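Please open the structure in your viewer and keep the selection tool at hand.

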Amino acid sequence: MDFFNYRDDGVLCAEDCALPELVAQHGTPLYVYSRATIERHWQAFDSAAGEVPHLICYAVKANGNLAVLNLLARLGSGFDIVSGGELARVVAAGGDPAKVVFSGVGKTAEEMRYALELGILCFNLESEAELERLNAVAGELGKVAPISVRVNPDIDAGTHPYISTGLKQNKFGVPIERAIALYRVAAKLPHIQVTGIDCHIGSQLTELEPFLASMDKLLVLIDRLAAEGIRIHHLDVGGGLGVNYGDENPPHPEQYAAALKARLTGRDLTLIFEPGRAIMANAGVLVSKVEYLKAGEDRDFAIVDAAMNDLIRPSLYSAWMNIVPVNKALVREPKRYDVVGPICETGDFLGKDRELTIAAGDLVAVRSAGAYGFSMSSNYNARPRAAEVLVDGDTAHLVRQREPLEDLWRLEKVLP
Ligand code: LLP
């Protein structure tokens, strides 16, 4: 559930703020997030985990705005990071490094050093070579690095190939058989402390079965390790729980956690979740202005001022995202449009063949754009990145100003 609803007069609001008023103040394209929705989604995970010892490590990559991270930190959230940059964001936002898990296949020595100095909770390792490097870096600093091995359970998450990560052909994790060997080596290294096990099989999963199948494989592994005297303290199930963009029907965090917990009875394990999308997607919209309606030979186009640089999901994954008029009370002829941006690429579209009641100058909102929206945006075609507003009841806070044009070339230099 989210807090984006139409008012009685047909105007779409974020909590108690009308989107047209936010646009009048901040312009378009504009990302608008809802505090109540973010908090509700986080609490849903927290209460679903309930009495089981647990930590929710929000996946920063979904939306790393400092205001978002800060709200979650205030709730007691941990964070899943994949770069030194994301760790620096967490710290800048007031997050606790002791609640940070570090994922990713390519951690540099410098990133390891930074994370060790801050004392993060766990390094989620993805290869033998990474273990070796981490042991060496921790040794140089006179520290012991807590680790988990990311296991690749070879399970089909049934999601888009670009966001499926738990199959043996993917670059992620270590196959189960090799994980045992890796733990054996890790357990003997002087600057490594084995603490957990983790996996992440993909994103936007709409079924429970793949999660459960991979958890079962991890539990078998935990028992095999225990038999060798290697004790695992936490089980990190990754992120990946899907959301409703349209008519998907993903499990609620409550169902998801209940099914996981049922498998943990009698075990002394802390459960770690790394949700990104499930917390942020439906907590944000991208508001854009219709610049032109253009009749084509074959179809009609609505040319809006947001583009693939602002929201790349439709172009990159053929993702379907709901596009709605911001004021549905305006009297317009309903028509089908391809909703496209101004970028010079045929792949620049936000939606295809959508029935909309709009005219030039109207506002549209792309729903469920709070995750992997702004965080994947770029400056392609010299387009400054959008502004971001976080709404809290009837108050709207500008949490990132629209990028000034000069900033696009601030770091560049012409030849003398
Ligand atoms: N943990 C790890 C190790 C991950 O790689 C990811 C996402 C997450 C957690 C969070 O997954 P979530 O709960 O958000 O599904 N840009 C794509 C999604 C890429 C996800 C990458 N990894 C999209 O817009 O669909």
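A residue is called buried if 20 or more other C-beta atoms lie within 10 Å of its own, exposed if 12 or fewer, and partly exposed in between. Please bear in mind throughout that this is a predicted model.

Select E15, in the loop between β2 (12-14) and β3 (17-18). Is E15 buried, exposed or partly exposed? E15 has 19 other C-beta atoms within 10 Å, and therefore counts as partly exposed. Its backbone also deserves attention: phi of E15 is near 50°, a positive value in a residue that is not glycine. Most residues other than glycine have a negative phi.

Now select A382, in the loop between β19 (363-366) and β20 (387-392). A382 likewise is not a glycine, and has a positive phi of about 50°. A382 counts as exposed because it has 9 C-beta neighbours inside 10 Å.

**Second stop: a cis peptide bond**

Select T28 and P29 together; the peptide bond from T28 to P29 is cis, with omega near -10°. P29 sits in the loop between α1 (19-26) and β4 (30-34). Most peptide bonds are trans.

Select K61, in the loop between β5 (54-59) and α3 (66-75). An unreviewed UniProt entry lists K61 under "modified residue: N6-(pyridoxal phosphate)lysine". K61 is buried because 21 other C-beta atoms lie within 10 Å. Which residues does K61 contact, leaving aside its neighbours within four places in sequence? They are V82, E86, G276 and S375.

Move to helix α4 (residues 84-92) and select V90. With 29 other C-beta atoms within 10 Å, V90 is buried. Not counting residues up to four places away in sequence, V90 touches V60, L69, F79, I81, G95 and V100.

Select helix α9 (residues 253-262), in which P253, Y256, A257 and L260 are buried. Turn the view to look down the axis of α9: the buried residues fall within an arc of 90°, so they line one face of the helix. Elements that cover these buried residues include α2 (35-49), α8 (209-227), β13 (270-273) and α10 (277-280).

Select the 21 residues around the ligand, among which S203, G239, G276, R277 and Y372 come nearest. By class, this shell has 9 nonpolar, 8 polar and 4 charged residues. Helices α10 and α11 (313-317) each supply at least two residues of the shell. Domain 1 (4-33 + 281-409) and domain 2 (104-273) each contribute at least three residues to the shell.

**Last stop: the two domains**

Colour domain 1 (4-33 + 281-409) and domain 2 (104-273) separately. How far apart are the C-alpha centres of domain 1 and domain 2? The centres lie 36 Å apart. Where the domains meet, 8 residues of domain 1 are in contact with 6 residues of domain 2. The side of domain 1 that touches domain 2 has 5 nonpolar, 3 polar and no charged residues.

Key: Residues numbered from 1 in each chain as written. Predicted model: local features only at pLDDT ≥ 70, side-chain atom pairs only at ≥ 80, totals over all residues. UniProt positions renumbered as here; feature names shortened; annotations may be inferred. Helix = DSSP H or I, 4+ residues; strand = E, 2+ residues; numbered from the N terminus. Contact = placed C-beta atoms within 7 Å. Arc of directions from axis to C-beta. Near = placed C-beta within 6 Å. Nonpolar A, V, L, I, M, F, W, Y, C, P; charged D, E, K, R; others polar. Domains from an automatic or database assignment.
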